[in-house]
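Student: I would like to go through this model with you. Could we begin once it is on the screen?
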Amino acid sequence: MENAFKLLLSCPSGLSSSQVSVRFDESYDRVPHPDAELENSISEIWDKRVQQSSSLFNGKKFRYGGHDGAGPNVCLHLGLTDYRTFVGTNLNPLWERFLVSSEDDCKQCQHTSSPLGNGAVVETVDNTILVLQRSNNVGEFPGYLVFPGGHPEPEEVGITSHTCENGSQNSESSNSKVSQEMFDSIVREVVEEIGVPAATLSKPLLIGISRRVLNVRPTAFFFIKCNLQSTQVQELYSSAQDGYESTKLYTIHPSELENMASKMPGCHRGGFALYKLMLAGGNDLK
């Protein structure tokens, strides 16, 4: 199950930031589970994790609540959640009890935190793809192979709740800021985890959203071109800001990536599937 995935959205032609909008609203927030004992387990699990690692930080995250459209324009539905609730629902040993029996993905996951992660399929100028081996310092899937990525961050665009400082509800300007953060955040993640300058990267294109079957973990994937040779990227990786999150950088030809996909968690295998759909469409994305 850890390798299984479901594609929630596929955009094989690649969508630019002008083609992706966001509806940020509290109606896409998590719905508490009616089982009080199950709800209480969220705090219990978080408290135990904090005791084990005092460095844990309960940051805000955007919650995936579905989308409209599939191209040429897509609107993402996002709510607000936090890392504590993610640990206590999606990563809860009883995570399957939080699910609702439904064919509708959003209804099925209405009681889980489901923060929207991000990942980037980065292609170098000599046609290799960048893949990281996660270190043992990370909370999820230590030692596994992944594409660079992380999360869009609400606090990067000044969002800590659904209301503004003046007490009003977040407006269209908030939707615009959140939409831009979807694209800005993946560039930040690549720069911090790989060590390449932002100026060497093309503008990201959204190629879809995959969800890991295990823990119902959603991740948005982007395609980015890097104008450096793979050897240059390897040199820069040694001084990457977030290099502690990984132990090795692989620069792999796309034809060889298939053999490594079995060592990826489901959401990243889904990212690879989205990349293959992009290639199958014959798209030379700029």
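Student: How many disulfides does the count come to?
Tutor: The count comes to zero disulfides, a disulfide being a pair of cysteine sulfur atoms within 2.5 Å. Cys106 is in none, and the nearest cysteine sulfur, that of Cys109, lies 7.7 Å away. Please note that this is a predicted model, in which local features need pLDDT of at least 70, side-chain atom pairs count only at pLDDT 80 or more, and totals for chains, interfaces and linings use all residues. Residues are numbered from 1 along each chain as its sequence is written, and side-chain values use heavy atoms, with hydrogens and water left out.
Student: Is Cys226 buried or exposed?
Tutor: Cys226 counts as buried because its relative accessibility is 3%; buried means under 20% relative accessible area, exposed over 50%, and partly exposed in between (1.4 Å probe, protein chains only).
Student: And what does Cys106 count as?
Tutor: Cys106 counts as partly exposed, at 32% relative accessibility.
Student: Changing topic, which strand does β6 join through six bridges?
Tutor: Strand β6 (residues 129-134) runs antiparallel to strand β11 (residues 246-252). Strands are DSSP runs (E, at least two residues), as helices are (H or I, at least four), numbered from the N terminus; two strands pair if DSSP finds at least two bridges between them. β6 also pairs with strand β7 (residues 145-146), in the antiparallel sense, over two bridges.
Student: What stands opposite Leu132 in β11?
Tutor: Leu249 does, while in β7 the bridge partner of Leu132 is Val146.
Student: What takes a positive phi just after α4?
Tutor: Gly195 does, with a phi of about 95°.
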